[in-house]
Amino acid sequence: MENQEYLLTSCQSSLQYSACLWDYNTKNIIKVYKGGGTVNPKTLEFVGQDYILSAEANKPLLHVWALNSQEIDKNIR
């Protein structure tokens, strides 16, 4: 992901996805991240260049996705 701009968004309903990575210039979806429930505002963040971290809205849970995977990484402790 070098020399490009990306936009990371969340979905309030979580029916389609929990987070979505967009190409800022083309407005195309790069990757959709599922299984993280509804994401609270201001709780979706890149962790380095490898992971995305989010906090679920109605539960005391943190979810982690590897940037190149659409499913939650359940092996991270």
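Biologist: Which residue of β2 does Y6 stand opposite?

Modeller: The model is a predicted one. In it, β1 and β2 pair in the antiparallel sense, over 5 bridges. Within β2, the residue that stands opposite Y6 is D23.

Biologist: In what order do the strands of the open sheet with β1 lie?

Modeller: This open sheet has 3 strands, and its pairing is antiparallel. Its edge strands, each pairing on one side only, are β1 (6–10) and β3 (29–33). Neighbouring strands of the sheet are turned against each other by 15 degrees on average, direction ignored. The order is β1-β2-β3.

Biologist: Over how many bridges do β2 and β3 pair?

Modeller: Strand β2 covers residues 19–23, and its pairing with β3 has the antiparallel sense. Another is W22, whose bridge partner in β3 is I29. The number of bridges between β2 and β3 is 4.

Biologist: How many of the residues of β2 are buried?

Modeller: A residue counts as buried when its relative accessible area is under 20%. For the protein chain, buried residues make up 31% of the 77 residues. Strand β2 is mostly covered, and among its 5 residues the number buried is 4.

Biologist: Which residue takes a positive phi in the hairpin of β2 and β3?

Modeller: This hairpin has 5 residues between the strands. The positive phi there is near 65 degrees, and the residue that takes it is K27.

Biologist: Over the ring of which residue does the charged end of K27 sit?

Modeller: For a charge to count as sitting over a ring, NZ of Lys or CZ of Arg must be within 6 Å of the ring centre and within 35 degrees of the ring normal. The charged end of K27 is 5.2 Å from the centre of the ring in question. That ring belongs to Y24.

Biologist: What is the bridge partner of V47 in β5?

Modeller: Strand β5 spans residues 51–56 and runs antiparallel to β4, with 5 bridges joining the two. In β5, the bridge partner of V47 is Y51.

Biologist: Why does the radius of gyration of the protein chain agree with a compact globule, and what is its value?

Modeller: The C-alpha trace spans about 35 × 25 × 20 Å along its principal axes. A compact globule with 77 residues would have a radius of gyration near 11 Å. The protein chain agrees with this, because its radius of gyration is 12 Å.

Biologist: What share of the contacts between residues at least 6 apart in sequence join residues at least 24 apart?

Modeller: A contact here means heavy atoms within 4.5 Å. Among contacts in the protein chain between residues at least 6 apart in sequence, the share that joins residues at least 24 apart is 27%.

How values were computed:
Residues numbered from 1 in each chain as written. Predicted model: local features only at pLDDT ≥ 70, side-chain atom pairs only at ≥ 80, totals over all residues. Heavy atoms only, no water. Pairing = 2+ DSSP bridges. Rg over C-alpha atoms; globule rule 2.2 N^0.38 Å. Buried < 20%, exposed > 50% of the residue type's maximum accessible area, 1.4 Å probe, protein only. Axes fitted to C-alpha atoms, helices over the stretch in contact; angles between N-to-C directions.
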